[in-house]
Amino acid sequence: MTAPVCDIRDPERVADVFDAAQAAFGLPDVLVNNAAANFPSPAEDLSPRAWRAVVDITLTGTWFMTREFGRRHLAAGTPGSIVNIGASYAWTGGPGFAHSAAAKAGVKNLVETLAVEWGPYGIQINGLVPGLFPHADMSEDIRGGLERAAPGTKDARQPALRVGAPRELGWAATFLASPYARFVTGHTLVVDGANWQRRSVVNPEVVPVRTQLGRGPFTASS
């Protein structure tokens, strides 16, 4: 086992990580792009630095990893499989998460674009969108968001009336990366029990993002 570390925003460090993996195990057959950054914010409060921090990790970093993997397989003439972790607001938009939603939309588009470009060379690329999969090492902001929403009601907020088990997400990722999915490429699979497609019969009252986040009125000095 080896676990090299790098900043995926730096293409030279990305190449170093692939060099280390290739030296230890040979050219990897599968790449899973899971790195991302996110935090809630009204769009008007996002600084240029905050925008770049999220987009550079989520989109640009994913691209650098994907590019390095693809170029090595193209040069070797070997097939490979890429799985990019996405988010459902790549389709719907993400009020309160403009930076992350825009980046994830870019990741989804990379899946669709590269599937065609690299398909002739046996390189498949797909997306995987997780729903709610509680786990022991959830970040504090995610855990806090669940608690603020309504403690103890997370199951009732899912159409399946339950949250996902981590192994179910693992099964989906394993399928996409396996020979069983060799003819599946350019697709983004949502594994969330249909939660992202849920709609109310009567639309709820609109609550501005600033209000939801407990922010006061916007001022130019914000």
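Helices (DSSP runs of H or I, at least four residues) and strands (runs of E, at least two) are numbered from the N terminus. On this basis, the secondary structure of the protein comprises seven helices and four strands, which follow one another along the sequence in the pattern α-β-α-β-α-α-β-α-α-β-α. The radius of gyration, taken over C-alpha atoms, is 19 Å, close to the 17 Å given for 222 residues by the globule rule, so the protein is as compact as a globular protein of that length; the rule itself is 2.2 Å times the number of residues to the power 0.38. The model is a predicted one, in which local features need pLDDT of at least 70 and side-chain atom pairs count only at pLDDT 80 or more, while totals for chains, interfaces and linings use all residues. Residues are numbered from 1 along each chain as its sequence is written, and side-chain values use heavy atoms, with hydrogens and water left out.

Along its principal axes, the C-alpha trace spans about 55 × 45 × 35 Å. Of the 222 residues, 33% are buried (under 20% relative accessible area, with exposed being over 50% and partly exposed in between, for a 1.4 Å probe and protein chains only). Among contacts (heavy atoms within 4.5 Å) with a separation of 6 or more, 73% are accounted for by residues 24 or more positions apart.

Residue A20 lies in helix α1, which covers residues 11-25, and counts as partly exposed because its relative accessibility is 31%. Between A20 and A173, the C-alpha to C-alpha distance is 24 Å, with 153 residues separating them in sequence.
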